[in-house]
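Take a look at the sequence and the 3D structure below. The report that follows walks through a few places in the chain, one at a time.

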Amino acid sequence: MMVKSIGRTLPRLTAGIVMMCLSFAAIAGATTLADGTQISVKQTTCWVSRPADSGTQKITFSDVTDQEGITDQVTKDRFGHGVAWGDVNNDGSLDLLLGTFANYDPLVKLGYTSGTFKPDQLAIGSADGFTIDKTFPKTFGWTSGLAFADLDNDGDKDLVLSRNQEEAYDQTAPGETIALRNDAGSFEKVPGAISSNSRNNIGGRSIAVLDYNADGLLDLFITQDRFEGGQSSLLRNKGGFQFVDATASAGLPTNIEGFGVSAKDLTGDGHGDLYVVGSNRLFIAKEDGTFREIGAKAAGLVRPAPDPDRPRADFDTGVSVGDVNRDGRPDVAVAEHYSSSSNGRKIPAVSLYLNKGLNSKGNPIFKDVTTTAGLPSVAAKNGDVNINDYNNDGWPDIAAGVAVSRTRPAVFRSLGLTNGVPRYAVPAGVGEIKGTAEPGDQSHHGLPVAAADYNKDGRLDVFYDFLFTNEDGQLLLRNQTGSGHWLSLSLGRALGGGIGAKVSIYRAGGLGTPKALIGQREIAATDGYTAGVPDEAHFGLGANTAVDVRVKLPPGTRGLATHGVIDLRNVPSDRHLRLPNGCGGT
Ligand SMILES: [Ca+2]
Ligand SMILES: [Ca+2]
Ligand SMILES: [Ca+2]
Ligand SMILES: [Ca+2]
């Protein structure tokens, strides 16, 4: 009863209701929420979908792009460099932001005019497919970073788009990061929301969303690559849809160059750490809202130096953090944008580093298990990576931007552990599709592989994007794999919205027992490279028909108690839960 009353009285987070939330959080730390009141499975279930009893054993996707409404008209003259998934109108169906490289100079030279390019487009999802929202503001740029997140705590997902800028081009599109406010499903660009740095309006490649100072307002980290100044920025949300540069005040250097970033917690203290790839720099959050840099190499995250012969093409871009071996510690996968097959470099498509825990200084230690895990060198462009269980067998697989055919991304299927290290099946065709990453090249080198279960059948689908349009590119791919049991979970506004929360799944009866752990994920707004993902945690459960669930809220969750924990026992599988009130609540 209490939970529901809070849900109704939270039209907007105000100081006046913080005390109410605090009292709620004190109760939520226990298994039951109130005297006789639990967050029940029934109350929180949004939808149920039994595992598909048909499908292939191999992880397989079917192309449903056109049939779901992403028509040739939508993708024509769109140069896809990233997409983001999120339910922008709170109708329970995921929507899709299709970013574009508008006014891309190499294409202007090929005859494109500023009037030809598509703007960024918002596709509204429903059970009948996607429809382009014609009221979405016309925004043009080289959109690389995309993230949906509720930045003003009103219950609607707002949108951040970061655009990069390159000195080598006579670029007319501005390098800038823009924020659009969502008011009941209607977006409006907020001028001046993002502050400037010495070079530009903080254009960038990738976005991480985190509440680094635990004040209940989501902050942003924008990576800026070496071609546009290399000044990645931490932007503090000061409320009122205004962001100020807090890079230096948070103890971060102002010379962090990078392409991709993860802001997930690597040390287990609940505070999001920053791992920036493209420069391989690692910043550990202290408890006071500042960061300390530790050597990524010393921590075991050893990356190849950029190729001096291809300085504009070879660099790490994708990073995904997830627990691949189910020991409760988040592991790290890194993808490289391009491997120069021409000069004999042998670089794995995806590097995998197992988190071995903390050393005596409290620093995480990683071990490179790429070779042992069976992840091959592919020598082809591979910008994106994500850790997700695509066949719901309980073992997280690894998807990568590298193409295995003209229409499919590589998914390395986990075969489970051998001597504590996951092994992966390599899909046929890896490395056979080559691309030069140059305009006019019609070969396939997709980025990103943005995962989401858009059709609510419990299997993670992907949008597989491509920069250069061709007849096969830019694909919505529906997962057709024979599936184990599954569970996914999201958090409503009354519990902070979810970003930064950690969800752990145990075999029923094993709550909190490491040996019973089936999976652990931190909810985030972005994953990999140029991919915005739903603010949900999705788990494959294998043969488990019921599980125990533990949710740890991040520090400072919107007026809720620090390190609040919510436990749910004996939850039947094959459903999406939204805590505390279900999908109809807040
Ligand atoms: Ca929607
Ligand atoms: Ca904050
Ligand atoms: Ca799997
Ligand atoms: Ca699906």
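## A covered strand

Strand β19 (residues 316-322) is mostly covered, with seven of its seven residues buried. This is a predicted model. β19 has a partner, strand β20 (residues 331-336). Six bridges join the two, and they run antiparallel. Strands of a sheet pair through backbone hydrogen bonds, either parallel or antiparallel.

## The whole chain

Step back from that strand. The chain has 586 residues, and 56% of them are buried. Its secondary structure comes to six helices and 37 strands. What share of the contacts between residues at least 6 apart in sequence joins residues at least 24 apart? The share is 63%.

## A four-stranded sheet

Four strands form an open sheet in the order β2-β29-β28-β27, with antiparallel pairing. Which strands sit at the edges? They are β2 (61-63) and β27 (449-452), and each pairs on one side only. Neighbouring strands of this sheet are turned by 30° against each other on average, direction ignored.

Three bridges join β2 to strand β29 (residues 475-479), and the two run antiparallel. Here Ser-62 stands opposite Arg-478 in β29.

## The nonpolar cores

In soluble globular proteins, nonpolar side chains tend to be buried together. In this model, the largest nonpolar core has 139 residues. Val-209, Ala-400 and Ala-450 have the most contacts inside it. Strand β24 (residues 397-405) gives the largest share of this core, six residues.

Ala-400 shows who meets whom. Its neighbours within four places in sequence are left aside here. Ala-400 is then in contact with Ala-335, Ala-349, Val-350, Asn-382, Asp-384, Val-385, Pro-409, Ala-410 and Val-449.

There is also a second, separate core of nine residues. Among them are Ala-102, Trp-142, Phe-466 and Leu-467.

## Around Leu-579

Leu-579 is found in strand β37 (residues 575-579). Is Leu-579 buried or exposed? It is buried, because 26 other C-beta atoms lie within 10 Å and the cut-off for a buried residue is 20 or more.

Leu-579 and Leu-489 are 90 residues apart in sequence, yet 7.7 Å apart in space, C-alpha to C-alpha. Leaving aside neighbours within four places in sequence, the contacts of Leu-579 include Ile-39, Thr-44, Leu-491 and Val-551.

Now move on to Pro-580, in the segment after β37. A cis peptide bond joins Leu-579 and Pro-580, with omega about 0°.

## Two asparagines with positive phi

Asn-90 has a positive phi, near 55°, in a residue other than glycine. Asn-419 is not a glycine either, and its phi is positive too, at about 55°. The table sets out where each lies and how many C-beta neighbours surround it.

| Residue | Loop | C-beta atoms within 10 Å |
|---|---|---|
| Asn-419 | between β25 (408-418) and β26 (421-425) | 6 other C-beta atoms |

Asn-419 is exposed, because 6 other C-beta atoms lie within 10 Å.

Methods
Residues are numbered from 1 along each chain as its sequence is written. Chains are lettered from A and ligands numbered from 1 in the order in which they are written. This is a predicted model: local features need pLDDT of at least 70, side-chain atom pairs count only at pLDDT 80 or more; totals for chains, interfaces and linings use all residues. Two strands pair if DSSP finds at least two bridges between them. Axes are lines fitted to C-alpha atoms, for helices over the stretch in contact, and angles run from 0 to 180 degrees between N-to-C directions. A residue is buried if 20 or more other C-beta atoms lie within 10 Å of its own, exposed if 12 or fewer, and partly exposed in between; C-beta atoms are placed from the backbone. Two residues are in contact if their C-beta atoms, placed from the backbone, lie within 7 Å. A nonpolar core is a set of buried Ala, Val, Leu, Ile, Met, Phe, Trp, Tyr and Cys residues joined through C-beta atoms within 7 Å.
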